[in-house]
Amino acid sequence: MANHLHNKLNKKEWAITVMDERKNHYYQPGFLFLPFDLYTPEALVQPIQKFIPRDVNFINESIEKIIAGENRVEMANGKSYSYDILIVATGTNIAPEEVEGMHGDEWEKSVFNFYTFEGALALRNKLRDWQGGHLVVHITEMPIKCPVAPLEFAFLADSFFKHKGMREKVNITYVTPLSGAFTKPTATKALEHLLGEKNISIISDFAIERVDNDKKAMIDYGGKEILFDLLVTVPTNKGDKLIERSGLGDELNYVPANKATLQSLQYENIFAIGDAAAIPASKAGSVAHFEAEILTKNILHYIHNEPLTEEFDGHANCFIETGNRRALLIDFNYAHEPVTGTFPFAGLGPLELLKESHMNHLGKIAFKWIYWHMLLKGRHIPFVSGKMQESGKEFV
Amino acid sequence: MIAGKTIAVNEEGYLINFSQWDRTIGEELAKEASINLTPSHWNLINYIQGEYKKEIPLTIRRIGKSGVVDIKGLYQLFPMAPLKTATKIAGVPKPASCI
């Protein structure tokens with residue numbers, strides 16, 4: 001947003017400040033590949049400072065509290081800053097402590113997650129010499145960041161163990177609280193077919209109550225029990241504790257916002273973008289990217305006292321790695337489910353929607369470069385718009 | 001046809017118009033789901049309908065913190081996919097909490 005806005009705002013009238021407590025920015029889509037030694041840890045980290053435009057202030061400190069009633073941000077070191085407009089982009093974190101026993105004795109011994117850099121790295125070290133057994137890939141509860149990532153993990157695990165010549169020593173089970181492999185029925189059908197093809201069994205409607213560390217088992221509220229040798233779970237996702245401290249969030253610490261304009265429902269000069277917003281869109285990087293284009297225009301409208309006419313349509317666009325250097329691509333929004341067709345050019349592609357292909361895999365791999373060099377710098381990706389394009393797609 | 005009335009439902013069996021719901025329809029839908037409705041079930045159904053009228057999205061976590069029933073209790077009342085079953089019986093749309 002800073003990269004988008006600094007070119008559009010009059011520098012005599014506006015100052016932009018980015019506040020972030022971290023020194024490093026992580027390429028989070030890479031956390032999926034790190035456990036399988038497909039990316040090195042170094043490729044996934046860059047200093048945040050590098051992406052802050054020169055005319056934007058950067059405060060590398062922790063925030064204690066947002067005092068929205070006074071348009072003020074209070075820092076952990078006692079300093080205080082006032083604002084005219086606040087954009088909240090605090091994202092989402094894992095909260096394994098939400099499930100009894102998940103963050104217990106077996107954490108990072110046989111219970112892992114790959115949603116943090118440290119977690120993905122610990123899992124890589126485990127997988128390097130794991131001898132096989134029952135691998136369970138698990139989602140605790142929705143919503144989670146990147147809802148396709150656990151499926152991709154299962155697909156990549158299948159391919160990883162095949163290449164190591166030990167697939168027959170590993171049972172892979174995919175466990176989800178949903179009624180099927182994915183949240184959207186059309187994609188679910190395609191993905192469940194792939195799970196079957198790769199000999200990955202699926203257990204759906206599993207609502208975990210606790211992890212039994214001695215028995216190495218997950219137990220659900222209905223009493224069902226699933227044993228594991230290696231559990232790769234996506235713990236409950238929650239927004240930042242700062243949002244809770246500031247009284248700005250819902251019960252999962254996400255900021256309730258207008259799903260089209262991204263304006264906070266509580267304060268008109270606060271906007272929420274990406275995973276931090278409580279809106280019915282996927283918590284996916286592509287969503288944050290598309291939102292940024294719309295939010296930039298709405299911030300300008302807000303500054304000029306105009307109605308916020310730019311509307312986010314819930315557009316998400318995700319590559320789904322299916323292993324063996326192939327991938328699927330899905331494109332959807334609030335109104336339309338993932339569809340078949342071509343992307344980004346109607347009838348031409350080169351990427352095919354909802355079909356496994358090597359080209360889609362190349363798209364996913366190329367995305368790392370696009371992310372570091374274009375997305376973070378606020379550059380528009382040619383031919384890919386914030387709102388979902390309807391041509392070239394086959395709607396049911 | 002549910003409980004002798006013509007009711008519009010979607011392909012998954014959820015009522016399209018909440019205004020068409022009444023207790024007999026709730027009872028009939030519960031029977032289909034093999035659930036015997038007790039006063040605790042009705043408390044929860046009333047709560048779900050209240051939240052729906054206030055346009056507050058429903059999640060299992062939110063119900064667990066509502067004070068009406070805890071999550072364990074919710075699974076005892078509606079053992080299979082509790083939120084989906086309970087909302088169907090309550091005549092409100094399937095919660096869109098899974099995105």
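The exercises below concern a predicted model.

**Exercise 1. Locate A:Lys169 and A:Gly223 among the elements of chain A, and decide whether each is buried or exposed.**

Solution. 
Step 1. A:Lys169 belongs to the loop that joins helix 3 to strand 12 (170–175) of chain A.
Step 2. A:Gly223 sits in the loop between strand 15 (217–220) and strand 16 (225–227) of chain A.
Step 3. With 9 other C-beta atoms within 10 Å, A:Gly223 is exposed.
Step 4. Distances place both residues further. Between A:Lys169 and A:Leu353 there are 33 Å in space, C-alpha to C-alpha, and 184 residues in sequence. For A:Gly223 and A:Leu156 the corresponding values are 30 Å and 67 residues.

**Exercise 2. Describe the overall build of chain A, and determine how its radius of gyration relates to the globule rule.**

Solution. 
Step 1. Chain A contains seven helices and 26 strands.
Step 2. Its radius of gyration is 21 Å, close to the 21 Å that the globule rule gives for 396 residues, so chain A is as compact as a globular protein of that length.
Step 3. Along the principal axes, the C-alpha atoms of chain A fill a box of roughly 65 × 50 × 40 Å.
Step 4. In chain A, 40% of the 396 residues count as buried.
Step 5. Of the contacts in chain A with a separation of 6 or more, 62% join residues 24 or more positions apart.

**Exercise 3. Carry out the corresponding description for chain B.**

Solution. 
Step 1. Chain B has five helices and zero strands, which gives the pattern α-α-α-α-α along the sequence.
Step 2. The radius of gyration of chain B is 13 Å, close to the 13 Å from the globule rule for 99 residues, so chain B is as compact as a globular protein of that length.
Step 3. The C-alpha trace of chain B spans about 35 × 30 × 20 Å along its principal axes.
Step 4. Buried residues make up 27% of the 99 residues of chain B.
Step 5. Residues 24 or more positions apart supply 56% of the contacts in chain B with a separation of 6 or more.

**Exercise 4. Determine which residues of helix 2 of chain B are buried, and how they are arranged around the axis.**

Solution. 
Step 1. Helix 2 (residues 39–53) of chain B has 15 residues and reaches 21 Å from its first C-alpha to its last, close to the 21 Å expected at 1.5 Å a residue.
Step 2. Its buried residues are B:Leu44, B:Ile45 and B:Ile48.
Step 3. These residues cover an arc of only 105° around the axis, which puts them on the same side of helix 2 of chain B.
Step 4. An α-helix has 3.6 residues a turn, so residues three or four places apart point the same way.
Step 5. The face turned away from the buried side of helix 2 of chain B carries the exposed residues B:Pro39, B:Asn46 and B:Lys53.
Step 6. The cover over the buried residues of this helix includes helix 1 (23–32), helix 4 (71–77) and helix 5 (82–90) of chain B.
Step 7. Just after helix 2 of chain B, B:Glu55 adopts a positive phi of about 60°.

**Exercise 5. Characterise the contact between the two chains and the nonpolar cores.**

Solution. 
Step 1. The contact takes 14 residues from chain B and 14 residues from chain A.
Step 2. On the side of chain B that touches chain A, helix 3 (60–64) and helix 4 of chain B each supply at least two residues.
Step 3. That side of chain B divides into nine nonpolar, one polar and four charged residues.
Step 4. The largest nonpolar core has 97 residues, and those with the most contacts inside it are A:Val255, A:Ile273 and A:Ala277.
Step 5. Helix 3 (residues 149–163) of chain A gives the most to this core, with eight residues.
Step 6. Apart from this core lies another, of 19 residues, among them A:Tyr221, B:Ile63, B:Leu74 and B:Ala86.

Key:
Residues are numbered from 1 along each chain as its sequence is written. Chains are lettered from A and ligands numbered from 1 in the order in which they are written. This is a predicted model: local features need pLDDT of at least 70, side-chain atom pairs count only at pLDDT 80 or more; totals for chains, interfaces and linings use all residues. Helices (H or I, at least four residues) and strands (E, at least two) are DSSP runs, numbered from the N terminus. The expected span of a helix is 1.5 Å times one less than its number of residues. A residue is buried if 20 or more other C-beta atoms lie within 10 Å of its own, exposed if 12 or fewer, and partly exposed in between; C-beta atoms are placed from the backbone. The arc is that of the directions from the helix axis to the C-beta atoms. Two residues are in contact if their C-beta atoms, placed from the backbone, lie within 7 Å. The radius of gyration is taken over C-alpha atoms; the globule rule is 2.2 Å times the number of residues to the power 0.38. Ala, Val, Leu, Ile, Met, Phe, Trp, Tyr, Cys and Pro count as nonpolar, Asp, Glu, Lys and Arg as charged, and the others, Gly among them, as polar. A nonpolar core is a set of buried Ala, Val, Leu, Ile, Met, Phe, Trp, Tyr and Cys residues joined through C-beta atoms within 7 Å.
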